[in-house]
Structures are given as C-alpha cells and as structure tokens.
Amino acid sequence: MRDRVVEILLLASGLVAVFTTLAIVGVLLFESGGFFEHVTLKEFFTDTMWTPLFADAHYGIMPLVAGTLTTTVVALVVAVPLGTTIAIYLSEFAPHNVRETVKPILELLGAVPTVVYGYFALTMVTPLLQYFMPELPGFNMLSAGLVIGLMIVPYISSVSEDAMRAVPRYMREGSYAMGATRLQTALRVVVPGAFSGLAAAFILGISRAVGETMVVAIAAGMQPNLTFDPREPAATITAYIVQVSLGDLAHGSIGYQSIFAAGLVLMAITLMFNVIGFGLTRKFREAY
Amino acid sequence: MSAVSSAAMLEAEKLRGGLSRRKLLDKAFVVIGLSIMLGCLAILAVLFIDLVRDGAPRFGWDFLTNFASRRATSAGILAAWVGTSLIMLVTAVCAVPIGVMAAIYLEEYAPKNWFTAIVEINVTNLAGVPSIVYGLLALGLLVHQFDLGQSILAAGLTLALLILPIVIVATRESIRSVPNAIREAAYGLGATRWEVTKDHVLPYSTGGILTGMILGLSRAIGETAPIITIGALSFIAFLPDSPIKSEFPFVSFQWLHDPFTAMPIQMFNWVSRPDQAFQANAAAAGAILLCMTLAMNGVAIFIRYRFRKKINW
C-alpha cells in the first residue's frame, strides 16, 4: 500500500516536466493568439520594421530574426573551431591528469553568469575591437557574438570530447598500425566516427547562442535593425523581450502580447535546429 | 637491378619525408590545442581580475549594507543579495525534491513504454529551452493566471522549473551508477522497491544528487533574463517582510509575496546606465556574483571528487 502511494508521488513529480512543456506551448500560443488577431502573418513575416511600441506601429519580426541569426553565426565562428580543437586535444593528446584537471575548470567558463559576460563584452571586448576598427559603434553585434562564442566553447568541447572518447580504442589502434600519426587518426578516424556526437554538440551550442539574452541586451544595443552586418547595433528576439519587460506594459496590451509572439518565433528557431540536429545524429550514427 | 633499387630508395626517401612532415604537424597540433585551451582559461582569469579591479573602489561593508541609490558611491546591494538568497531558498525547496523524485521514478519505477519515453524526451527538451522562455511562461502563467504577482515566490518557482532538468539529469546519472547487484541483494532479503530505493540506492547516490543540486542552483543564481521578464524591480529601498516574528506563530511567509530585486538584476541595471561611476558598482556586484557561482561550482567538483574516491564497488 505504502509502495503504491510512493509510486504515485514519484510519477506526479515526473509529470511536472511534461506539464511544464505543455504550459510553455500553451502560454506562448494563447498569448500570441491575441497578437495575431491584430497582425496578419503576412505583415509579421514581410514587414521590415519592428516597432510595436511606437505610435506608427510596424510588426515585422525579420529585423529581430536577423539580429539573432547574426550574433549566432558570429558566436559559432568562434566556438566551433575552438571547441572542437580543445575537444580533439583533450580526447586524443592530453595526458589523463591534464584532462581531469582542465575539463572542470573549462566548464567554469560556461557557469559564469551571462550578465557578467555582458559587462565583459561592453567594457572590454568592444573597446578592444574599437582599437582595431575605430568606426565601430559602442553597441555592436560583433562583440556580443564573440563573447557568446566564448561562452559556448565549454559546451561544445565537453560534449564533443565525450563523443570522441566513445569511439572504440581498436579503431585508433588500427589506424596507428597503418602508420598514421595521432593527428591523422584524430581527423580521419575519430572525428568521422564521432560525427553524430559532434553534431549534437554543435546543436547544443546553437541553441545556447540563439537563446542567449543578457549579453546581447547589454552589448548589442536594443534597436531593431534589419541587417546581417555584425559591426552594426541591433536587437535580437531575446533582447526585445527584455526591453519590453523592463518597461511597465499593461497586461493584455499589444506590446505585452508581442513578446509572446517573439518568444514563439524563438522557440520555433530552437526547435528547427534541434530537428536538424536530430536528423544529422540519426543519419551519421555509428554503432560500435 | 640498380634502377629498381634506386627507385625503391627514392620511394623510401619520400616516405620518410612524409613521415617527418606528418610528425611535425602532429607536434604543431599539440601546441595549437594547448595554447587555445590555455587561452580560454586565461580569458576566465582576465574576466575575474578585470571585475575585481574595476569594482575595487566599491568593496566594503557599506556596499553590502546599503540600498540602491541615485548616487553611485553610496549605492549598495543589500536588497539584491537578500532577494537572491530568498529566491534561491524557494528554488531549492521546490526543485530538489521534485527533481530527485522524478529521477527516482524514471530510473527505478518507470516501465519501458511510450509514456516513459515521452517523459524522458520532455526532460531532454526542457534542458534546451532558452531561459527567457521560462520567463514568458512565468509571466503568462504564474504572474497573471495564478495571480502571484511580481513576487519572490513567482521568481523562485520560475527558476525551480528552469533547473529541474539539471537536477533530474544529475540524479539519474548518479542513481544509474549504483550497481544492480546492490539492488538485487536487497530484493533477495525481501525489501520492497521503495525500501531498496530509500535505504540503498539513495544513500549511495547522495554525492551525485548534491552535485546536481549545487550546479542547478549555481545556474539559477546567475539567471537574469527570466526574472526580468516576470518584472523584477531594479530599484528597491526596503527588505522583504522578515520570515521570523517576535510573536506567535513566530514564522511568517508574507515575504513570499513581496516584490524583490536580485543580484544579476541589480548588476544589469547598473551596467545599462550611461554614467561611468555606476560601472564600478556593476563590476563590484559582478565580482561578488561570480565569486558565488565559482564557489558553488568548486564545492560541487569537490563533492563529486570526494564521493568518487570514497566509493569502491
């Protein structure tokens, strides 16, 4: 009898996760439903201006999407090569004790509060970049993207390294026996063998970069700007949500509903990358 | 004859040349990998030193005991650190039991069927949901539907949902590492499933559970976006209602419903001011926040190390 009660309690806890997902989808759909009563889907996707709070209101999400994609691309250009190199080094070259010491310390990079990274981007990285590019504005997507890239290096390196270490030892030994060096083995045997894990790591990095909020809110400015030039200031989807939340908007107003519509687009982008990642992982999975 | 041997010589020569080039590349990669790794670690150090240096003029007792102020030099983080502590309390009280129980269910009880698969996929997906979306969830559901308002309770619950997947995943890993022989021995002596879990599986996985809990809280303590979304105020010149009262019943939960500010919110507020003097405040608050996060992570690493060393199956 008591076992039965306990089991039901445990099951209820497990269901909290399911309800959270349902609640997220429900709230986003419900609140943005009100938004799409005012704004047609055509306007939402084709208008090139996003000014829901102005008297002359425009509701085109594209400027925010452009900002999000630009910072994400900059972040990935930094994080993918760095993260993968570190992962290859740790998994194939580093002695055991170096790996065991460095990995937790590296993971601290991912534990730093994002608002601190925002401060870093605004007060250190931007002035540093301005030294090389004097015409760079004080708020720009480049410095925000670079810092996000740095932030997601440990996610990518950690997951990739786990994937590479799962490649069985005999495959490496086969490669060494043919006279390959460690680098050749790493690049031609281990990396292809761990490709599905690497894809998962990159997708994790992309999800983090797309959803990253504070760094862009602090360092990239909050003006929606339809551009793919990282040297310009722009708002991302997340930065817009923060900007609106900082003000005091009436519950149920179109401005209030617009952040849920923005959130819905953010979820859609994240979901899209995850589906691509799932497909890649399935396609390239190697069973040992 | 001599033509053949000279051709073979040439071939060997080429091979040897290729080999030394490949070995050189191999060594070069070691240097590159090592320097990139050290570079990343150096950036972490620079970040920390920079914060401490910029914030140095503000460190002091006053900074901890003053409320926010219009004047940068007399502004402090009293409301912020009290708010953060109370939010963390709510988060821990909600997320840890639910997370651990969900993990026990998935590892020890759940039958292998489509329903369990759905719960598992859910947990994985929740870990990938951007944190600001949790803020939107809380704004729509907790703040307005459940009418919790912009309170400590709403913030604590939001962050609890946010770290739930972290706690679940860590607990599951830890429970999974308990060998089956231990469970079977207990079953063999007639223990029920709950007795096996409570008396054997849980005690052995305490280290992993604690690690997951601390890592989850260290993530929650630095989260800014979701609590901005539910409407944390950045200028608060009073403390929440005291949880301990002088008259009966001595404890009060009124503080759960009070408005709040938190460390990362306070820092964000100072960073986004154009006035340079406030940047020092931001740096000082950031240094303290970073210290808290790093200390929590340090404790988590230590616990993991200790428990791993102590247990020999």
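Chain A has 12 helices and zero strands. Helices here are DSSP runs of H or I with at least four residues, strands are E runs with at least two, and both are numbered from the N terminus. From the N terminus, chain A reads α-α-α-α-α-α-α-α-α-α-α-α.

A word on the source. This is a predicted model, where local features need pLDDT of at least 70, side-chain atom pairs count only at pLDDT 80 or more, and totals for chains, interfaces and linings use all residues. Residues are numbered from 1 along each chain as its sequence is written, and chains are lettered from A and ligands numbered from 1 in the order in which they are written.

Back to chain A. Its C-alpha trace spans about 70 × 70 × 35 Å along the principal axes. Of its 288 residues, 51% are buried, meaning 20 or more other C-beta atoms within 10 Å of the residue's own, with C-beta atoms placed from the backbone. Now contacts (C-beta atoms, placed from the backbone, within 7 Å). Take those between residues at least 6 apart in sequence: 73% join residues at least 24 apart.

On to chain B. Domain 1 covers 1-58 and domain 2 covers 61-310; such bounds come from an automatic or database domain assignment. Their C-alpha centres lie 41 Å apart. Seven residues of domain 1 contact nine of domain 2.

B:Ala79 sits in helix 3 of chain B, residues 78-109. Buried or exposed? B:Ala79 is buried, because 25 other C-beta atoms lie within 10 Å.

Note on methods
A residue is buried if 20 or more other C-beta atoms lie within 10 Å of its own, exposed if 12 or fewer, and partly exposed in between; C-beta atoms are placed from the backbone. Two residues are in contact if their C-beta atoms, placed from the backbone, lie within 7 Å.
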